[in-house]
Amino acid sequence: MKTVNTPSGRRTHAVIYVRISQDRSGAHLGVDRQREDCEALAERNGWDVVEVYVDNDLSAYSGKPRPGYRRMLADLADGTATVVVAWHTDRLHRSPTELEEYIDLSERRGINTHTCQAGPIDLSTPSGRMTARILGAVARHESEHKGERVARARQQKAKAGIWGGGIRPFGWGVPTGELRKKADKETGEEIEVPVLDMNRLQPEEAAAIEAGTDMLLSSGSVRGWVKWLRDKGFTTTRGNQISHVEARDMLLRARNAGIAIYKGEEVGRGAWEPIIDEPRFRAVAALLTDPTRRTSPGSTPKWFGSVIYKCGINGCTQRLVCTKSGGANRPSYRCPTQHGGGRRADKVDEHVMDLIVERLSRPDAADLLQPAPDGVHVGELQAESEQIRRRLTDTAALFGSGQISMAEFTEASDVARKQLEGVTRQLARAATKDPLVGLVGAADVSVAWKALDLERRRAVLRSLLDVTILPARQGRMPDGGYFDYSAIAFEWKRASGLTG
């Protein structure tokens, strides 16, 4: 197998294989250098290079498929060439399994292997195969040792709260004013890009994360937050539209609460400023990872009372659905059994929503709130939160007027803030159970209601009211209209004894 040219004088056909494990710039510079050295070796030996196989940014140790390498083996099996040229044996193999497959093919097809750094490898002899196996074992050891060093360094960085690199996470990354050079992935040309401080918040993106967290804790949904993000013009840090999965992952990211993660495990506090406090993050994570949570609800309801209102005709209790019908093609609530006709959806919804807003605007609306998980009433928590905030404001005013010292101001503020954190944690837990939290006690319930998305409004409806649509009276109503509001029966689910 040491013959360079055939006895008839025909030139030997050779193929070149080049590979680099990591190409950070995307400029192919590593494989290009290998190719130049391999072509020079082939030219010195008088071989005709019929194909060059390239696997760029692919490890031979990782076990991931190498398209170029697999294509080369298939061509060699078909008799394309009898010589393989590589820069080094570790460019070809770092896996004993792959090496044995290559040895078997080389013996069957009479293939010579030549490298620029390790010289020729004669796989037709026991000593040549032993040499190849030794070199392969050494290469694998180097890969495993390097992997251990890299893993240990990454773990150390994570524990120290240092950003480990990768795609900029939504919510962080502020330009430092410095520039660094990198190769453009499209053209390979050297360009300058800004250096980002990954421990500093992007204010607008951070506010969006906080809004999504509060939305989930107020009985909202990931779907509702995705719509909110799109309406506000937010995209991923790569400039793409944010999907439902990406939005969910954003809210589940421990980095939001300043928690460092390594291989999916929490390893301590990060060195960056958190977007939200840890209790709220834990509450959202518990919601989104709850195995009983329905993640594929089917088609999204587009009307407030769809599949919530009940039919009250002749003892029927079916849930009403909203469909378009009539000459004006208006959406109407109808029983799935198709009896009793339809009721205008906009009129019914407007009436029911007015009832809810009016009830939540009353002075005793706090009585409707459910107890917090630890038995404390939510209304009391909200009142306590307001008192603490007022105390903080009063303390600042006293310090500003010189009536208290800096030490007194600092001590009073620290105590108040710790109390406020405790109350906020309890309210966050309560918000996961009661959709009325945030509405009750609002300065203007009507404004707060209009700010809610449809899913949050439907959660309030399900929690607060049973609505039944009864048969409507025929003809013109006493008020001059044709819509019979008295045919909308409702029953409050909380604070029994209420009638309207």
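Where in the fold is Asp75 found? Asp75 sits in helix 2 (residues 67–77); helices (H or I, at least four residues) and strands (E, at least two) are DSSP runs, numbered from the N terminus.

## What kind of model this is

This is a predicted model, where local features need pLDDT of at least 70 and side-chain atom pairs count only at pLDDT 80 or more, while totals for chains, interfaces and linings use all residues. Residues are numbered from 1 along each chain as its sequence is written, and side-chain values use heavy atoms, with hydrogens and water left out.

Now for confidence, given as pLDDT (the predictor's confidence in each residue, from 0 to 100). The chain has a mean pLDDT of 77, with 75% of its residues at 70 or more. Strand 3 (residues 83–86) comes out highest, at a mean of 93, and helix 5 (residues 126–159) lowest, at 63. Residues 23–28 stay under 50, and the model gives them nine contacts (heavy atoms within 4.5 Å) beyond four places in sequence. Residues 496–500 are also below 50, and that stretch has nine contacts beyond near neighbours in sequence. Where pLDDT is low, the predicted coordinates should not be read in detail.

Five strands make an open sheet in the order 2-1-3-4-5, and the pairing is mixed; two strands pair if DSSP finds at least two bridges between them. Strand 2 (48–56) and strand 5 (119–121) are at the edges with a single partner strand each, so one side of each has no neighbour in the sheet. From one strand to the next, the twist averages 25°. Axes here are lines fitted to C-alpha atoms, for helices over the stretch in contact, and angles run from 0 to 180 degrees between N-to-C directions.

Strand 1 (residues 13–20) and strand 3 run parallel, joined by four bridges, and Val15 stands opposite Val84 in strand 3. Helix 2 packs on this sheet, touching strand 1, strand 2 and strand 3, and its direction makes about 150° with that of strand 2. Back to Asp75: leaving out residues up to four places away in sequence, Asp75 touches Tyr53 and Thr80. Asp75 and Val15 are 60 residues apart in sequence, but C-alpha to C-alpha they are 9.6 Å apart in space.

Strand 10 pairs with strand 14 (residues 465–469) in the parallel sense over two bridges, and Lys310 has Thr468 in strand 14 as its bridge partner.

Val352, Met353, Ile356 and Leu360 in helix 10 meet Arg457, Val460, Leu461 and Leu464 in helix 14. By class, that contact has seven nonpolar, no polar and one charged residues (nonpolar: Ala, Val, Leu, Ile, Met, Phe, Trp, Tyr, Cys and Pro; charged: Asp, Glu, Lys and Arg; polar: the others, Gly among them).

## Aromatic pairs

Rings of Phe, Tyr and Trp (its six-membered ring) pair if their centres lie within 6.5 Å; planes under 30 degrees apart count as stacked, over 60 as edge-to-face and the rest as tilted. By this rule there are six aromatic pairs. In one of them, Phe170 and Phe234 have ring centres 6.0 Å apart and planes at 70°, so this pair is edge-to-face. The pair links distant parts of the chain, 64 residues apart: Phe170 is in the loop between helix 5 and strand 6 (172–183), and Phe234 in the loop between helix 7 (222–232) and helix 8 (244–252).
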